[in-house]
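Please view the sequence and structure before reading on.

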Amino acid sequence: MALKDLVILLVEDDPVFRRIVASFLDSRGATVIEADDGEQGLEKFKQRAFDIVLADLSMPIMGGLVMLKKMSELNPRTPSIVISGNQVMADVVEALRIGASDYLVKPVSDLFLIENAIKQCLDERHTKDVQLEDIEELSYQELQDNLALLEQNAEAAKSVQQQLFPPSQINYLTAKIDYSLFKTDEVSAYFIDTVNVGDKHLVMYMAHFHPQDNRAAFASVLLKSFVNQKLKLFRNGTTQAIIEPYNMLSYLNERMSKSGLDICIDIVYVVVELTQYRASIAQAGQGLRCYIRNNEGLTPLALSDSLQLGILDWGHPSAQFRTLLPGEQLCISSSKPVHKQMLLDNQFHGLIYDTQTPTGGYVQLSF
(Lines give C-alpha, C1' and ligand atoms only; values in the text may rest on other atoms or scores of the structure.)
Protein backbone atom coordinates (compact mmCIF):
# COMPACT_ATOMS: atom_id res chain seq x y z
CA MET A 1 0.00 0.00 0.00
CA ALA A 2 0.95 3.66 -0.51
CA LEU A 3 2.29 4.28 3.00
CA LYS A 4 3.40 0.74 3.82
CA ASP A 5 6.09 0.35 6.49
CA LEU A 6 5.90 3.99 7.60
CA VAL A 7 5.64 4.71 11.34
CA ILE A 8 3.81 7.99 11.92
CA LEU A 9 3.36 9.96 15.13
CA LEU A 10 0.01 11.78 15.06
CA VAL A 11 -0.34 14.46 17.77
CA GLU A 12 -3.86 15.93 17.83
CA ASP A 13 -6.11 16.97 20.73
CA ASP A 14 -9.37 16.65 18.76
CA PRO A 15 -10.26 12.95 19.29
CA VAL A 16 -12.69 12.80 16.37
CA PHE A 17 -10.31 14.30 13.82
CA ARG A 18 -7.44 12.26 15.24
CA ARG A 19 -9.30 8.99 14.78
CA ILE A 20 -10.39 9.94 11.25
CA VAL A 21 -6.82 10.71 10.19
CA ALA A 22 -5.36 7.70 12.02
CA SER A 23 -7.89 5.34 10.43
CA PHE A 24 -7.17 6.74 6.98
CA LEU A 25 -3.39 6.44 7.37
CA ASP A 26 -3.80 2.93 8.76
CA SER A 27 -5.88 1.99 5.70
CA ARG A 28 -3.04 3.25 3.52
CA GLY A 29 -0.56 0.90 5.20
CA ALA A 30 1.05 3.09 7.86
CA THR A 31 1.54 2.30 11.54
CA VAL A 32 0.09 5.24 13.47
CA ILE A 33 1.00 6.11 17.06
CA GLU A 34 -1.45 8.62 18.57
CA ALA A 35 -0.98 11.32 21.21
CA ASP A 36 -3.57 13.82 22.40
CA ASP A 37 -1.33 16.70 23.51
CA GLY A 38 2.18 18.02 22.97
CA GLU A 39 3.61 16.64 26.18
CA GLN A 40 2.38 13.13 25.43
CA GLY A 41 3.60 13.45 21.85
CA LEU A 42 7.08 14.41 23.03
CA GLU A 43 7.23 11.42 25.37
CA LYS A 44 6.24 9.01 22.59
CA PHE A 45 8.83 10.66 20.32
CA LYS A 46 11.52 9.86 22.88
CA GLN A 47 10.49 6.21 23.07
CA ARG A 48 11.00 5.14 19.45
CA ALA A 49 11.96 6.28 15.95
CA PHE A 50 9.32 7.74 13.61
CA ASP A 51 9.39 8.34 9.90
CA ILE A 52 7.33 11.51 10.22
CA VAL A 53 5.37 13.58 12.74
CA LEU A 54 1.92 15.06 12.05
CA ALA A 55 1.01 17.71 14.60
CA ASP A 56 -1.67 20.21 15.53
CA LEU A 57 -0.54 23.64 16.75
CA SER A 58 -3.14 24.58 19.35
CA MET A 59 -3.09 21.89 22.04
CA PRO A 60 -3.34 21.86 25.84
CA ILE A 61 -0.40 21.31 28.21
CA MET A 62 2.21 21.82 25.45
CA GLY A 63 1.52 23.54 22.13
CA GLY A 64 2.56 22.10 18.78
CA LEU A 65 5.28 24.66 18.08
CA VAL A 66 6.99 24.08 21.44
CA MET A 67 6.74 20.33 20.94
CA LEU A 68 8.22 20.47 17.42
CA LYS A 69 11.12 22.63 18.61
CA LYS A 70 11.95 20.08 21.32
CA MET A 71 11.65 17.22 18.84
CA SER A 72 14.00 19.01 16.45
CA GLU A 73 16.56 19.32 19.23
CA LEU A 74 16.29 15.59 19.94
CA ASN A 75 16.37 14.43 16.31
CA PRO A 76 16.47 17.08 13.55
CA ARG A 77 16.31 14.37 10.87
CA THR A 78 12.67 13.48 11.62
CA PRO A 79 10.44 15.53 9.29
CA SER A 80 7.15 17.05 10.38
CA ILE A 81 3.89 18.33 8.91
CA VAL A 82 1.54 20.70 10.69
CA ILE A 83 -2.22 20.18 10.32
CA SER A 84 -4.06 22.91 12.17
CA GLY A 85 -7.09 25.16 12.27
CA ASN A 86 -4.87 27.89 13.71
CA GLN A 87 -4.39 30.23 10.74
CA VAL A 88 -2.30 32.87 12.53
CA MET A 89 0.25 33.83 9.89
CA ALA A 90 3.09 34.11 12.40
CA ASP A 91 2.49 30.48 13.34
CA VAL A 92 2.61 29.45 9.67
CA VAL A 93 6.05 30.97 9.27
CA GLU A 94 7.29 29.77 12.67
CA ALA A 95 6.31 26.20 11.78
CA LEU A 96 8.33 26.48 8.56
CA ARG A 97 11.21 28.14 10.39
CA ILE A 98 11.66 25.32 12.88
CA GLY A 99 11.71 22.76 10.09
CA ALA A 100 8.13 21.74 9.25
CA SER A 101 7.96 20.55 5.66
CA ASP A 102 4.35 21.49 5.07
CA TYR A 103 1.38 23.27 6.66
CA LEU A 104 -2.14 22.00 6.02
CA VAL A 105 -5.17 23.98 7.15
CA LYS A 106 -8.22 22.39 8.78
CA PRO A 107 -10.71 21.34 7.73
CA VAL A 108 -8.85 19.00 5.38
CA SER A 109 -11.46 18.33 2.71
CA ASP A 110 -9.55 15.46 1.11
CA LEU A 111 -7.49 13.12 3.31
CA PHE A 112 -5.38 12.19 0.30
CA LEU A 113 -3.88 15.69 0.65
CA ILE A 114 -2.27 14.42 3.85
CA GLU A 115 -0.94 11.35 2.07
CA ASN A 116 0.51 13.46 -0.73
CA ALA A 117 2.15 15.81 1.77
CA ILE A 118 3.75 12.84 3.52
CA LYS A 119 5.06 11.45 0.23
CA GLN A 120 6.54 14.78 -0.81
CA CYS A 121 8.12 15.26 2.60
CA LEU A 122 9.72 11.80 2.64
CA ASP A 123 10.96 12.06 -0.96
CA GLU A 124 13.78 14.17 0.47
CA ARG A 125 15.10 11.22 2.45
CA HIS A 126 13.96 8.06 0.70
CA THR A 127 13.70 8.63 -3.07
CA LYS A 128 17.12 7.98 -4.55
CA ASP A 129 16.19 8.52 -8.20
CA VAL A 130 14.64 11.97 -7.70
CA GLN A 131 17.09 14.74 -8.56
CA LEU A 132 17.90 17.39 -5.97
CA GLU A 133 16.36 20.11 -8.13
CA ASP A 134 13.05 18.20 -8.22
CA ILE A 135 13.03 17.90 -4.42
CA GLU A 136 13.61 21.62 -4.06
CA GLU A 137 10.80 22.34 -6.53
CA LEU A 138 8.42 20.43 -4.26
CA SER A 139 9.54 22.44 -1.26
CA TYR A 140 9.28 25.66 -3.28
CA GLN A 141 5.69 24.85 -4.26
CA GLU A 142 4.82 24.24 -0.61
CA LEU A 143 6.28 27.62 0.23
CA GLN A 144 4.30 29.32 -2.53
CA ASP A 145 1.10 27.84 -1.13
CA ASN A 146 1.87 29.37 2.25
CA LEU A 147 2.84 32.71 0.75
CA ALA A 148 -0.55 32.81 -0.95
CA LEU A 149 -2.07 32.90 2.54
CA LEU A 150 0.18 35.78 3.53
CA GLU A 151 -0.65 37.82 0.45
CA GLN A 152 -4.30 37.91 1.44
CA ASN A 153 -3.45 40.19 4.35
CA ALA A 154 -0.74 42.85 4.14
CA GLU A 155 -0.90 43.52 7.88
CA ALA A 156 -0.30 39.84 8.55
CA ALA A 157 2.74 39.96 6.26
CA LYS A 158 4.22 42.79 8.33
CA SER A 159 3.64 40.84 11.51
CA VAL A 160 5.21 37.75 9.96
CA GLN A 161 8.39 39.63 9.05
CA GLN A 162 8.66 40.89 12.62
CA GLN A 163 8.51 37.28 13.86
CA LEU A 164 11.41 36.26 11.63
CA PHE A 165 13.96 38.57 13.24
CA PRO A 166 16.14 37.08 15.98
CA PRO A 167 16.70 38.82 19.35
CA SER A 168 19.27 41.65 19.40
CA GLN A 169 21.89 39.27 20.83
CA ILE A 170 22.22 35.60 19.86
CA ASN A 171 24.55 33.54 22.03
CA TYR A 172 26.13 30.36 20.71
CA LEU A 173 28.52 28.06 22.54
CA THR A 174 31.68 29.73 21.20
CA ALA A 175 30.37 32.90 19.54
CA LYS A 176 27.74 35.62 19.75
CA ILE A 177 25.97 37.82 17.23
CA ASP A 178 24.67 41.35 17.90
CA TYR A 179 22.84 43.66 15.53
CA SER A 180 20.81 46.80 15.00
CA LEU A 181 18.44 47.41 12.09
CA PHE A 182 16.52 50.66 11.70
CA LYS A 183 13.26 51.00 9.80
CA THR A 184 11.08 54.04 9.11
CA ASP A 185 8.13 52.07 7.70
CA GLU A 186 6.18 49.15 9.10
CA VAL A 187 8.04 46.70 6.85
CA SER A 188 11.83 46.61 7.02
CA ALA A 189 13.72 46.71 3.72
CA TYR A 190 16.63 45.05 5.55
CA PHE A 191 16.79 41.54 6.99
CA ILE A 192 19.37 39.62 9.00
CA ASP A 193 19.55 36.04 10.18
CA THR A 194 21.98 33.54 11.64
CA VAL A 195 22.05 29.78 12.11
CA ASN A 196 24.38 27.29 13.77
CA VAL A 197 25.06 24.56 11.18
CA GLY A 198 26.16 21.40 12.93
CA ASP A 199 29.02 21.63 15.42
CA LYS A 200 31.58 23.33 13.19
CA HIS A 201 29.95 26.14 11.22
CA LEU A 202 28.07 29.35 11.88
CA VAL A 203 26.14 31.20 9.18
CA MET A 204 25.34 34.93 9.27
CA TYR A 205 23.79 37.00 6.48
CA MET A 206 22.30 40.45 5.91
CA ALA A 207 20.07 41.44 3.00
CA HIS A 208 18.61 44.65 1.57
CA PHE A 209 15.51 44.40 -0.64
CA HIS A 210 14.71 46.66 -3.60
CA PRO A 211 12.21 48.24 -4.03
CA GLN A 212 11.57 49.11 -0.41
CA ASP A 213 7.87 48.27 -0.16
CA ASN A 214 5.62 45.57 1.31
CA ARG A 215 7.19 42.94 -0.94
CA ALA A 216 10.15 42.99 1.44
CA ALA A 217 8.00 41.10 3.98
CA PHE A 218 7.38 38.29 1.50
CA ALA A 219 11.01 38.35 0.37
CA SER A 220 12.12 37.88 3.99
CA VAL A 221 9.95 34.78 4.26
CA LEU A 222 11.32 33.43 0.97
CA LEU A 223 14.92 34.06 1.90
CA LYS A 224 14.58 32.49 5.34
CA SER A 225 12.72 29.48 3.98
CA PHE A 226 15.20 28.84 1.15
CA VAL A 227 18.06 28.89 3.65
CA ASN A 228 16.08 26.51 5.87
CA GLN A 229 15.62 24.10 2.98
CA LYS A 230 19.38 23.91 2.47
CA LEU A 231 19.83 23.49 6.23
CA LYS A 232 17.50 20.48 6.22
CA LEU A 233 19.31 18.97 3.23
CA PHE A 234 22.65 19.49 5.02
CA ARG A 235 21.33 17.65 8.06
CA ASN A 236 20.17 14.82 5.82
CA GLY A 237 23.63 14.58 4.30
CA THR A 238 22.38 15.57 0.84
CA THR A 239 24.29 18.81 0.20
CA GLN A 240 26.76 21.16 1.89
CA ALA A 241 25.62 24.25 -0.02
CA ILE A 242 24.55 26.10 3.12
CA ILE A 243 28.21 26.33 4.24
CA GLU A 244 29.42 27.27 0.74
CA PRO A 245 28.63 31.00 0.31
CA TYR A 246 29.37 31.12 -3.42
CA ASN A 247 27.05 28.20 -4.18
CA MET A 248 24.45 29.45 -1.71
CA LEU A 249 24.12 32.85 -3.37
CA SER A 250 23.91 31.19 -6.80
CA TYR A 251 21.07 29.03 -5.48
CA LEU A 252 19.29 31.99 -3.83
CA ASN A 253 19.52 34.01 -7.02
CA GLU A 254 17.89 31.23 -9.01
CA ARG A 255 15.06 30.90 -6.51
CA MET A 256 14.45 34.62 -6.04
CA SER A 257 14.44 35.14 -9.82
CA LYS A 258 11.61 32.61 -10.07
CA SER A 259 9.68 33.90 -7.06
CA GLY A 260 7.44 36.26 -8.99
CA LEU A 261 8.12 39.05 -6.49
CA ASP A 262 10.12 41.13 -8.98
CA ILE A 263 12.51 42.15 -6.23
CA CYS A 264 16.31 42.55 -6.18
CA ILE A 265 18.56 41.92 -3.20
CA ASP A 266 21.89 43.17 -1.93
CA ILE A 267 23.28 40.48 0.35
CA VAL A 268 26.43 39.48 2.22
CA TYR A 269 26.51 35.82 3.26
CA VAL A 270 29.17 34.67 5.75
CA VAL A 271 30.16 31.19 6.96
CA VAL A 272 32.68 30.79 9.78
CA GLU A 273 34.41 27.47 10.44
CA LEU A 274 34.54 27.44 14.25
CA THR A 275 37.66 25.36 14.86
CA GLN A 276 40.10 27.38 12.72
CA TYR A 277 38.01 30.61 12.65
CA ARG A 278 38.20 30.63 8.88
CA ALA A 279 35.54 32.80 7.27
CA SER A 280 34.08 32.36 3.78
CA ILE A 281 32.25 35.43 2.49
CA ALA A 282 30.17 35.98 -0.64
CA GLN A 283 28.52 39.21 -1.72
CA ALA A 284 25.92 40.22 -4.30
CA GLY A 285 25.07 43.84 -5.03
CA GLN A 286 26.85 46.94 -3.76
CA GLY A 287 24.73 48.28 -0.88
CA LEU A 288 26.26 46.18 1.92
CA ARG A 289 29.85 45.60 2.93
CA CYS A 290 31.71 43.10 5.12
CA TYR A 291 34.29 44.44 7.59
CA ILE A 292 36.95 43.15 9.94
CA ARG A 293 36.73 44.99 13.26
CA ASN A 294 39.66 45.28 15.67
CA ASN A 295 41.20 47.90 17.98
CA GLU A 296 42.01 50.08 14.97
CA GLY A 297 38.41 50.27 13.75
CA LEU A 298 36.64 48.82 10.71
CA THR A 299 38.56 47.47 7.71
CA PRO A 300 36.45 46.65 4.63
CA LEU A 301 37.15 43.34 2.93
CA ALA A 302 38.07 43.69 -0.73
CA LEU A 303 35.13 42.07 -2.52
CA SER A 304 34.57 43.02 -6.15
CA ASP A 305 31.25 44.44 -7.29
CA SER A 306 28.60 42.01 -8.50
CA LEU A 307 24.97 42.20 -9.56
CA GLN A 308 22.12 41.96 -7.06
CA LEU A 309 20.22 38.71 -6.56
CA GLY A 310 16.98 38.39 -8.50
CA ILE A 311 18.35 39.35 -11.92
CA LEU A 312 17.82 36.78 -14.67
CA ASP A 313 21.11 37.53 -16.42
CA TRP A 314 23.00 37.49 -13.11
CA GLY A 315 26.63 36.50 -13.39
CA HIS A 316 28.12 35.29 -10.10
CA PRO A 317 28.84 36.60 -6.60
CA SER A 318 32.19 37.89 -5.43
CA ALA A 319 33.84 35.79 -2.74
CA GLN A 320 36.73 35.87 -0.29
CA PHE A 321 38.30 33.72 2.42
CA ARG A 322 39.77 35.14 5.61
CA THR A 323 41.14 33.63 8.82
CA LEU A 324 40.10 35.70 11.83
CA LEU A 325 42.80 36.64 14.28
CA PRO A 326 42.33 36.78 18.09
CA GLY A 327 40.38 39.91 19.03
CA GLU A 328 38.87 40.40 15.56
CA GLN A 329 35.15 40.59 14.87
CA LEU A 330 33.40 40.08 11.56
CA CYS A 331 30.77 42.70 10.68
CA ILE A 332 28.28 43.47 7.92
CA SER A 333 26.98 47.01 7.59
CA SER A 334 25.04 49.26 5.26
CA SER A 335 27.11 52.04 3.73
CA LYS A 336 25.79 55.00 5.72
CA PRO A 337 28.49 56.54 7.98
CA VAL A 338 26.06 56.87 10.91
CA HIS A 339 25.55 53.11 10.98
CA LYS A 340 29.26 52.36 11.00
CA GLN A 341 29.78 54.83 13.85
CA MET A 342 26.94 53.28 15.86
CA LEU A 343 28.55 49.89 15.27
CA LEU A 344 31.84 51.17 16.63
CA ASP A 345 29.92 52.57 19.62
CA ASN A 346 28.47 49.09 20.28
CA GLN A 347 24.86 50.25 19.94
CA PHE A 348 23.03 46.96 19.48
CA HIS A 349 19.24 47.17 19.74
CA GLY A 350 17.83 44.55 17.36
CA LEU A 351 15.08 45.70 14.99
CA ILE A 352 13.71 49.14 15.90
CA TYR A 353 11.36 51.70 14.36
CA ASP A 354 13.21 55.02 14.25
CA THR A 355 12.25 57.94 12.02
CA GLN A 356 15.41 59.87 12.97
CA THR A 357 17.98 57.25 11.89
CA PRO A 358 18.38 56.27 8.21
CA THR A 359 17.15 52.81 7.28
CA GLY A 360 19.79 50.11 7.36
CA GLY A 361 22.05 48.87 10.11
CA TYR A 362 24.74 46.36 10.98
CA VAL A 363 25.45 42.93 12.45
CA GLN A 364 28.55 41.72 14.29
CA LEU A 365 29.97 38.26 14.94
CA SER A 366 32.39 37.99 17.85
CA PHE A 367 34.07 35.16 19.77
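Phe191 and Tyr205 are both buried, where buried means under 20% relative accessible area, exposed over 50% and partly exposed in between (1.4 Å probe, protein chains only). Phe165 is buried too. This is a predicted model, in which local features need pLDDT of at least 70 and side-chain atom pairs count only at pLDDT 80 or more, while totals for chains, interfaces and linings use all residues. Residues are numbered from 1 along each chain as its sequence is written, and side-chain values use heavy atoms, leaving out hydrogens and water.

The whole structure holds nine aromatic pairs. Rings of Phe, Tyr and Trp (its six-membered ring) pair if their centres lie within 6.5 Å; planes under 30 degrees apart are stacked, over 60 edge-to-face and the rest tilted. Two of the pairs involve Phe191:

| Pair | Type | Centre to centre | Angle between planes |
|---|---|---|---|
| Phe165 and Phe191 | edge-to-face | 5.1 Å | 65° |
| Phe191 and Tyr205 | tilted | 6.3 Å | 55° |

Phe191 lies in strand β8 and Tyr205 in strand β9 (residues 201–210), so their pair ties together parts that are 14 residues apart in sequence. Strands (E, at least two residues) and helices (H or I, at least four) are DSSP runs, numbered from the N terminus. Ring pairs link Phe165, Phe191, Tyr205 and Tyr269 into a cluster.

Phe191 is also in contact (heavy atoms within 4.5 Å) with Phe209.

Terms used:
Lists of a residue's contacts leave out its neighbours within four places in sequence.
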